[in-house]
Amino acid sequence: MSSPLRIHHYRLATAIHRTPEFAKKRLADFSVNVGLKCGHACTYCSSGAVLRCHRAFQELGESPFKNGYAIIDPDIPAKVADEARRIRKRGVIQLCTTVDAWCPAAQEHDLGRRCLEALLAEPGWTVRILTKNAAVVCDFDLIEKYRDRILVGLSLTGTPDKDAVLAVVEPNASPVSERMEALQEAHKRGLRTFGMLCPLLPGIANAPEQIGQMVAFLDACNVEEVFAEAVNQRGPGLKCTEEALRESGFPAEADALAHIRNAEHWSAYVADLIRTLQMSLRRHGMIERLRFLLYSTKLTPNDEVRIRSDGAGVVWL
């Protein structure tokens, strides 16, 4: 269900950022983003809440909370090359954290590959690729040459039987079936892989059979870690996702989203999700690979106690 986009070009002052929050999540020490708005147009995206104060939105006349457009910097690879060379203390760098380097607008300028080339030209950098676009397979030839320094992850937000409903909430991302094929291809080529189950939306991706299918797939891909998250409450994402599902003829899924807009229900959904993931990962002998990223501030006291009673794989933030 691809949507036409307005594409803005905007020059970013800095390419590589230290990311203390992502270091806490055990994902990366640094980040590179190729712009300020990802054209995948995910309805639940919380990046608008993080980037809302950037002056670019006002200058371009766009709302950080609305979709229908992308903001990218076509010159970002040159900035990455310069900063990657100048930074002395290097480590794991994520490409990307808020704006997908393989989204359609970024693909027009080959930003994912060019940023990779810029980073890998300098020793000491390990790159964690996270994308929702199967187009990353076009760069596996480059990744193979640096296989020890790159981790490949394609975010899975459901199972292939949910491609139709996910097309409503992720209209410009690759179907989950294609993302799974890309991760499978990475494994076949002997590339390092990791799992990213995020977000696991209620009514779409939180049932035991769905989680079981995704975990079994990640096990078959020999992922090094399995990161997972509940849907983020920040910004208008939950409401937008509910409305999009209802308008597109998915009332049951919309009702499930509406249910967790209540604080107590959201807390229970998170606690149940953690238990379901733990059970599935234990069945596959993978519990030590789980990294469930969790902020405790929105949990009810009872749910927090319940989660802490078996906190295997929970990363408290």
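At 2% relative accessibility, Phe 30 counts as buried. This residue belongs to a predicted model, and Phe 30 lies in strand β3. Strand β3, residues 30-32, runs parallel to strand β6, residues 92-95, and three bridges join the two. Within β6, Ile 93 is the bridge partner of Phe 30.

Both strands belong to an open sheet of six strands. The strand order is β2-β3-β6-β7-β8-β9, and the pairing is mixed. The edges of the sheet are formed by β2 (16-18) and β9 (192-193), each of which pairs on one side only.

Two aromatic pairs are found in a search of the whole structure. In one of them, Phe 30 and Trp 125 are arranged edge-to-face, with 5.1 Å centre to centre and 80° between the planes. Trp 125 is located in the loop between α6 (111-120) and β7 (126-131), whereas Phe 30 is in β3, so the pair ties together parts that are 95 residues apart in sequence. Trp 125 is buried as well, with a relative accessible area of 0%.

Another pair is formed by Phe 194 and Phe 227; the ring centres are 6.2 Å apart and the planes stand at 90°, so this pair is edge-to-face. Phe 194 lies in the loop between β9 and β10 (195-197), and Phe 227 lies in strand β11 (residues 226-228), so parts that are 33 residues apart in sequence are tied together by the pair. Phe 194 and Phe 227 are both buried.

The ring of Phe 194 also has a charged group over it: the charged end of Arg 128 sits 4.6 Å from the ring centre. An arrangement of this kind is found for Arg 308 and Trp 316, where the charged end of Arg 308 sits over the ring of Trp 316 at 3.7 Å from its centre.

On the sheet, helix α9 (residues 176-188) lies across β8 (150-154) and β9. The helix runs at about 155° to β8. Leu 154 is placed in strand β8 and is buried, with a relative accessible area of 0%. Leaving aside neighbours within four places in sequence, Leu 154 is in contact with Thr 131, Asn 133, Ala 134, Val 136, Arg 179, Ala 182, Leu 183 and Met 196. The C-alpha atoms of Leu 154 and Gln 94 are separated by 13 Å, and the two residues are 60 residues apart along the chain.

Notes:
Residues are numbered from 1 along each chain as its sequence is written. This is a predicted model: local features need pLDDT of at least 70, side-chain atom pairs count only at pLDDT 80 or more; totals for chains, interfaces and linings use all residues. Side-chain values use heavy atoms; hydrogens and water are left out. Two strands pair if DSSP finds at least two bridges between them. Helices (H or I, at least four residues) and strands (E, at least two) are DSSP runs, numbered from the N terminus. Contact means heavy atoms within 4.5 Å. Axes are lines fitted to C-alpha atoms, for helices over the stretch in contact, and angles run from 0 to 180 degrees between N-to-C directions. Buried means under 20% relative accessible area, exposed over 50%, partly exposed in between (1.4 Å probe, protein chains only). Rings of Phe, Tyr and Trp (its six-membered ring) pair if their centres lie within 6.5 Å; planes under 30 degrees apart count as stacked, over 60 as edge-to-face and the rest as tilted. A charge sits over a ring if NZ of Lys or CZ of Arg is within 6 Å of the ring centre and within 35 degrees of the ring normal.
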